[in-house]
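Please look at the model below before reading on. The report starts with the individual chains and ends with the place where they meet.

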Amino acid sequence: MLSARHVRLLGLDFGSTTSSALLAEARLGGHSVSGRMGFAEPRVLYRSPPVFTPFNGDGLDEPRLTALLDGWLRDCGLEDEPPFAGAALVTGLAAQQRNVATLTRLIEARIGDNLMATADDPGLESWLAFMGNCGLLSRAHPGQPILNLDIGGGTSNPALGLDGNVLACGCHFIGARHWRFAPGSYRLQGCSEQGQALLEHLGIACRAGDELSTGDVERLVGWQVSALEALVSGDAAFFATPIGRLHEQLPLRLPELPCAPAITFSGGVGELIYAYLEGAPWPATSAFGDLGIDLAQAILASPLLGAGPHLLPQTRGRATVQGLTLHSCEVSGSSLYLPDARVLPLRDLPIIARLPLTASSASLASALDLARYRPQGACLQLLGASPSLAALRQFAEYLRAALQQRPLPAGQPLVLLLEANVGKTLGHYASDWGRLPQCLLVVDEIPPRAAQFIHIGRPHQQMVPVSFFGLE
Amino acid sequence: MRALTPLEQIVLPSPQPPQTYSSEMLQRRFSFHGLKQLLGAADISKAGERMAGLAAADEVEREAARAILSGLSLQHLHDHPLTNAHGQIDSVMRVNYQIDRAVFAEIAALSLGELKDRLLASKGAEIRRIGTALTGVMAAALAKLCDVHELILLAKRLKSGAAARARTQVGLPGTLSSRLQPNHPTDNLAGISLLVYTGLSMGAGDALIGLNPAIDTVDNISATLHHLDKLRRETGAPTQVCVLSHIKTQLACLERGAPVEIMFQSLAGTERTLTDEFDVTVELLDHAYARMAADGPLGDSAEHVMYFETGQGSELTYGKHEGIDMATCEALCYGLARRYSPFMVNNVTGFIGPETHLDNFEMIYSCLQDHFMGKLLGLPMGMAPCFTLHSQVSAEGQQMATELLAAAGANFFMDVYLGNDRMLAYFDTSGHDDQTLREVHDLRPAPEYLQWALTRGIFSEDENAQLQRGPNWGKPEQFCHSELDYQRLLESVPAAYGFTNAGPRPANRVARTLRGNQAVARQAIYADLRPDELGFAANGLPAPRYLTTRAQNREAHLGNPELGAQLSADAQATLVAEHTDVQVVISDGLSAEAVHHNMSDLLPVLFDGLASRALNLGQSIIAPYGRVKLAEAIGEAVQTRLVIMLIGERPGGDALASRSLSAYLAYRLETASQAEAAGFSGNPQIAWEYTVISNIYRAGLPPLEAGSVIAEKALQILAHGAAGNRLEHLLKQRAA
């Protein structure tokens, strides 16, 4: 029933508390507003029930993770036909585990050619949560800034967006699971580094096995709500203290805004907030073995966090996995310069420079010098939405001359990432219409993103997926 | 649903040799050789008849023809069937003779003039009864004798009894229905949903929700049918759904269990057009009708399940009209449609362009003729007076047509959002127009639909039981689950100009944007090609040469597409065999602005690409007033291997898209490649293969990028000795 333009997309989210998978199907097509290629008419094919992220006493529980991953792939029907694109993200406290690299290797070994897998990428997580929860909402309310607080077990990932674009991201160790309890009680079973530090900072003497008093719980969540209020109000001083610094992984730098932002929530705590607002009763005390319920209640009691326009976001809960599935990659234009598609996929390609198409030959030569030290390949991000023919020819001439003078090693890919729809023309000029013996690819119609790495998947209908990670 | 009369049981006259009809008027003698010429001359002068040589030279000749026609008896018309080129009665004409013989016996001796007078003095039921005894040719002949008042008056009397029933009953007196046409350029289901919601919120779609698909595959049509059915069920709107794909595709969808509630097909008035161009036979139509009666989802409950579209001029533009004028061909379609007791017949006169209907007068008059002829032959006629920007028909003319047709009692109009169909690049009536006409002419939707719309608040009734727009009229979001659902749908409709209304009309801001875009797009057609702006000199490219086509001016170019496909005699004389590899040809086609806006970026890249290989290039050619097939005329003359024809596309309603250029890469098949191409295509005569690169403009494929896309494709064509699907097949084989 589907055309060849339909593709499958997979998102895997391994968080501090829970992990989940989402498989969607979408059609590759031009977006009617942006004009850019993207995914249209998404349809969820499979949504896993959230499961507790498998930890053992010493880190991530590898055998259980392997079983979990294989089970998802089987349930998604992806064992024989991998997805077109997607991403796996290990976040929060899961990303802090010593053996986190094992998890990304497990994913890469199974579907790494098609899926970007990365851990501890807080900017990306915030960006994805915003897009998953508020992308559509933000476009529906042009001119209204929206600050999304994605509050999970280990981190809160704020992202501010306007008109569907993310303007600022942050990441803070504010979350429900910094203290773990026996479910149904406040009997402490363990805590994170930040959790321990906050107990000490607040003068709460409590060890594993002790029962936390109601007052202590209020002080802990009270501090976290103050931290969230500091984020919303742009109070950088709050995080300048020793205890504040310990809770800040990526500062949120709010720009000047035309009006107060609307605040939305996502993540496990966000899910609790919206469920309550829609009439569901609160779950029993520490039903999830953490302070998520207490934190949700405290957030709702905060005048500051409840201020501003009341907008109801899309997912209200698992926004990251939604974002991972549908927003983790950009789709290129269909007229690429791709002389040999067999070079794809290209994984973990570093973005070595971001240059305007009017860059000097010296700037370009410097960037190419960096590329020479990247045997797996490198990427140059070229800025400029509508270059002239003269600029294209000039840039191509600089590039061709530099590569003729000092060629890259045979087979070493050099990817040019372009915002403008001129990839084939730039590629032809730069390669002297295919006569320059270099592994050059030009991928166009990719909006610029401040990131450190990209992943380029295999082509489908002359288009390729490009995922960014290591967001700056 | 009634059983069909077997085709072999239809009583036919024997074909007769053409007779010459003569008369004298004001001391001028007029002769018409054969009934076809007489019928052609008796009509108003229309572009299509002028091109076919059928139009009267002047008003006096026309009246002379009408006078002769008035004196011919119905028996004479019956006994002189219009035959095909072999002197035979074709299958469409055969079906037209399926008439009520008893009624015919009553009226056979009447002259056409007498019949007209009798009809004008009759009531609706009697007119309808007489209509059952008429063939399409008789109805057309009668229409040519009627003036505007008579066409409207007679049709109006036929409104009572012109209704047809599927899930709703459409065409009752006092009603005006609409077919909601939620076309989307990519069949995007979200976009389709929004357009359906918008139409329903305006009280449209009570006749049908009917989509013209962009992709005519069984998979896509089935999926789209299921989607429309889902929307119908979810909204609860009492109506029926249809996807207007080819009848064979719909039959395959029906086989799969898709909800083919109404079976659609375009009809033609000659067998050659019907079979060669529409790939349909009367036998296939009979089969589809029988299948719908047996297996159609509404087969048990509906009285009518077929939907036909027609429009004056299709037979003529395909060159398969058998010498018959457009109005008569149209009436022959109705004679064919009548066999299947359709639920709807929709007339889209104006869709083709200036080669059939040049201006408002020609389009309006033809619409009135068609509506009258269809109703007279007993059909539930709906009307879609429409236009393309390369004709001289305007929005005002189209609106005048709708007012007259509403007065004449048309069963339904179309609802294309804001009248601008981006998928088919033409302009039709809108939901705003339909509601305005209801308010002007005091008409209501179909009764079943009206009850639903009243409960939804789309309509309300005041204390005097007068129907009003209700509080939810024009609010598509009422059908969405949430604000975000509505936003998601909004993002799926390209360049929608807005959804705000002023009473039953679009808000002025919306109207100004719409009309502004239309004006810019139309201007592109009428702009002269300015060779100095193409960038040859500025980019250091060799100066081009200039050739003329047989279209000596724009009027001829727009009015007769054939002329632009051929070189003028002078141009032909200047060309000799050059035996080049590539010949670039530039023509304005239907948008000189497309050429102006793209060429200076495109050409240098294209020539750089071609120069990268040792190719023998011909001196570029600029040929104003050209059509795509001009590539072949030039290619044969200069004996080049590949013609790259850069030509402006027919503008739709979007200002930017009016700058859209296409590149037709026409590969001239040599002996060896011809055999392979013939085998691949199944056409033993194939002489050219084409690869098309379209949508070249700033917001589509930008000209800077298009230059290298075209160059790369040209090099592939020359390297593989193939173009079009065969080239892509070879490239795929190679990649595998």
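This report describes a predicted model.

## Overall form of chain B

Chain B contains 30 helices and 24 strands.

Burial in chain B is counted over its 736 residues, and 56% of them count as buried. Contacts can also be sorted by how far apart the two partners lie in the sequence. Among the contacts in chain B with a separation of 6 or more, 76% join residues 24 or more positions apart.

## Domains

In chain B, the domain assignment gives domain 1 (7-153), domain 2 (174-506) and domain 3 (528-735). Between the C-alpha centres of domain 1 of chain B and domain 3 of chain B there are 46 Å.

Chain A is divided into domain 1 (6-120), domain 2 (124-318) and domain 3 (334-471). Taken over C-alpha atoms, the centres of domain 2 of chain A and domain 3 of chain A are separated by 40 Å.

## Where the chains touch

How many residues does each chain bring to the contact? Chain B brings 31 residues and chain A brings 22 residues. On the side of chain B that touches chain A, at least two residues each come from α11 (189-201), α12 (218-235), α22 (483-490), α26 (592-611) and α29 (703-720) of chain B. The helix that gives the most to this side is α29(B), with six residues. By type, the residues of the side of chain B that touches chain A are 14 nonpolar, ten polar and seven charged.

## One helix pair across the contact

Helix α12 (residues 423-430) of chain A packs with α29(B) at an angle of about 65°, and the two axes are 7 Å apart. The crossing in which α12(A) passes α29(B) is left-handed.

Which residues meet in this pair of helices, α12(A) and α29(B)? From α12(A) come A:Lys424, A:Thr425 and A:His428. Their partners in α29(B) are B:Leu704, B:Glu705, B:Gly707, B:Ser708, B:Val709 and B:Glu712. In the contact of α12(A) with α29(B), two residues are nonpolar, four are polar and three are charged.

Conventions: Residues numbered from 1 in each chain as written. Chains lettered and ligands numbered in written order. Predicted model: local features only at pLDDT ≥ 70, side-chain atom pairs only at ≥ 80, totals over all residues. Contact = placed C-beta atoms within 7 Å. Helix = DSSP H or I, 4+ residues; strand = E, 2+ residues; numbered from the N terminus. Nonpolar A, V, L, I, M, F, W, Y, C, P; charged D, E, K, R; others polar. Domains from an automatic or database assignment. Buried ≥ 20, exposed ≤ 12 C-beta atoms within 10 Å, placed from the backbone. Axes fitted to C-alpha atoms, helices over the stretch in contact; angles between N-to-C directions. Left-handed = near helix turned anticlockwise from the far one by under 90°.
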